[in-house]
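Please open the structure in your viewer and keep the selection tool at hand.

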Amino acid sequence: QTHFIFHSLQAKMSRPVQARRLEGIDKNIWVEFVKLAATYSKVNLGQGFPDFPAPDFLREALTRALSGGNHMLHQYTRAFGHPPLVKALAQFFEKLLGRDLDPMTNVMVTVGAYQALFCCFQALVDEGDEVIIIEPFFDCYEPMVKMAGGTPVFVPLRPNPPKDGKLMSSADWQLDPAELASKFSERTKAIVLNSPNNPLGKVFSRGELGLIAELCVKHDVLCISDEVYEWLVYDGKQHIRIASLQGMWERTVTIGSAGKTFSATGWKVGWVVGPDRLLQHLRTVHQNSVYHCATIAQEAVAQGFQRELTLYGKPESYFVQLPKELQQKRDWLVQSLDGVGMKPIIPEGTYFLVADISPFKSDVPDVPNSDEPYDSRFAKWMVKNKGLAAIPLSAFYSEAHKNNYTNFIRFCFAKEEATLKAASDILQKWKQEKTSS
């Protein structure tokens, strides 16, 4: 009897427990690098979150919501978005997109932009559908497409370095129009657009977006537009929303984030704006996964947007002030990196800049025939030996193209001055050690 039970247990346990859709997507760069940074780093310019406080008006709104008389803010609200928040978002995006929006059908609130992306891929991508992803890309797009049964198809931004020896800008990384057009076929269901782009900080121009829009209309393809850094654009550049271009509203879902908009990444409040014909399917995924987002955080974000609506375009607006502050931080880090010979690519937007590590390669020997891209080994060596955390650019490429751009690492400059100064000190000291050795 015991013998039989033991055998049947053994037999039962030999079948795979995980769902097939998880195969090959279990590795995650953030798990590894966040752990390394927590263990070794004195200065963390790796993960994309500010170490400065969220604005006073937002924190005050949260305190009011917590301690005010409305005890219902501690209970469930509407599953697809707290009414005051979807109303404020609809009013705001009506201005930005130049069209009337219904807060109940054209806006949905999600657990951060991350869950918004998950809803898009699960709701819109079927087995065998192809989804075009522009490289380098925010790393979750690829596993999320695969998890939905789709096939990612990659098209790269290619660098065209300036001839005059000036520093490269993120605008110098461009799509090849013929190459982009060649990726569209009858199997293409969607393209993922991320502008301003993480990791490069590229802000796509009207011409570049027009090219993408034309191809989407021609091939009847959807556009999943990740615009979480929409307010963080520099040097007087303008963020253009692809949903505002001709023929694009009906086929575009636009994703935003209170985390990036109000410097409160831990609140995990995101949203999707788009036509009801697309959002109705996202609502189905949402109601069958998280169902509901934290009421109190939505209430505070709603108040933040109500404030910004009254100050829209004025100098006191947080959406005007934050990019000014971040542009100064960017310029400071650009000068620090350039000063030690780690050539930065000047970003037009976002929290991030990518820098060329070639001059520092002599410190970190190459391992021939290694599976791991060089920049990844460099970043690990740097955090362990210098206490400075950054993310390898190869983390933002598909497996097939990981080894094409291995001389770059990504830094986050959305940090306190003291943090950036400490990073600069590490780099200066490192450079002095190199010159004296």
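The model shown here is predicted.

**First stop: two domains**

Colour the chain by its domain assignment, which gives domain 1 as 20-54 + 318-436 and domain 2 as 56-311. The C-alpha centres of domain 1 and domain 2 are separated by 25 Å. Next, display the residues where the domains touch: 42 residues of domain 1 are in contact with 49 residues of domain 2. Together the two domains bury about 3,900 Å² between them, and 62% of this area is on carbon and sulfur atoms. Which three residues supply more of the area that domain 1 buries against domain 2 than any other three? Select Ala54, Phe319 and Glu348, which supply 23% of that area.

Now select Asp235 and Arg330 and show their side chains. These side chains meet in a salt bridge, with a distance of 2.8 Å from N to O. Between domain 1 and domain 2, the count is 1 salt bridge.

**Second stop: helices H12 and H14**

Select helix H12, residues 318-340, together with helix H14, residues 417-436. The axes of H12 and H14 come within 9 Å and cross at roughly 5 degrees. Because of this angle, H12 is roughly parallel to H14. On the H12 side, show Lys329, Trp332, Ser336, Leu337, Gly339 and Val340, which make the contact with H14. On the H14 side, the contact is made by Glu417, Leu420, Lys421, Ser424, Leu427, Gln428 and Lys431. Colouring the contact of H12 with H14 by class gives 5 nonpolar, 4 polar and 4 charged residues.

The residues of the contact of H13 with H14 comprise 5 nonpolar, no polar and 2 charged.

From H5, the contact draws on Gln115, Phe118, Cys119, Cys120, Gln122, Ala123 and Leu124. From H10, Leu278, His281, Leu282, Val285 and His286 take part. The contact of H5 with H10 has 8 nonpolar, 4 polar and no charged residues.

Move to the loop between strand S7 (188-194) and helix H8 (206-219), where Pro196 is placed. Ser195 and Pro196 are joined by a cis peptide bond, with omega about -10 degrees. Pro199 also lies in the loop between S7 and H8. The peptide bond from Asn198 to Pro199 is cis, and its omega is near 25 degrees.

Finally, select Ser263 in the loop between helix H9 (258-261) and strand S10 (269-273). What is phi of Ser263? Phi is near 55 degrees, a positive value in a residue other than glycine.

Definitions and conventions:
Residues are numbered from 1 along each chain as its sequence is written. This is a predicted model: local features need pLDDT of at least 70, side-chain atom pairs count only at pLDDT 80 or more; totals for chains, interfaces and linings use all residues. Side-chain values use heavy atoms; hydrogens and water are left out. Axes are lines fitted to C-alpha atoms, for helices over the stretch in contact, and angles run from 0 to 180 degrees between N-to-C directions. Helices (H or I, at least four residues) and strands (E, at least two) are DSSP runs, numbered from the N terminus. Ala, Val, Leu, Ile, Met, Phe, Trp, Tyr, Cys and Pro count as nonpolar, Asp, Glu, Lys and Arg as charged, and the others, Gly among them, as polar. Domain bounds come from an automatic or database domain assignment. Contact means heavy atoms within 4.5 Å. Buried area is the accessible area (1.4 Å probe) that two parts lose on being put together, summed over both. A salt bridge is a side-chain nitrogen of Lys or Arg within 4 Å of a carboxyl oxygen of Asp or Glu. Angles under 35 degrees count as roughly parallel, over 145 as roughly antiparallel, 65 to 115 as roughly perpendicular and the rest as oblique.
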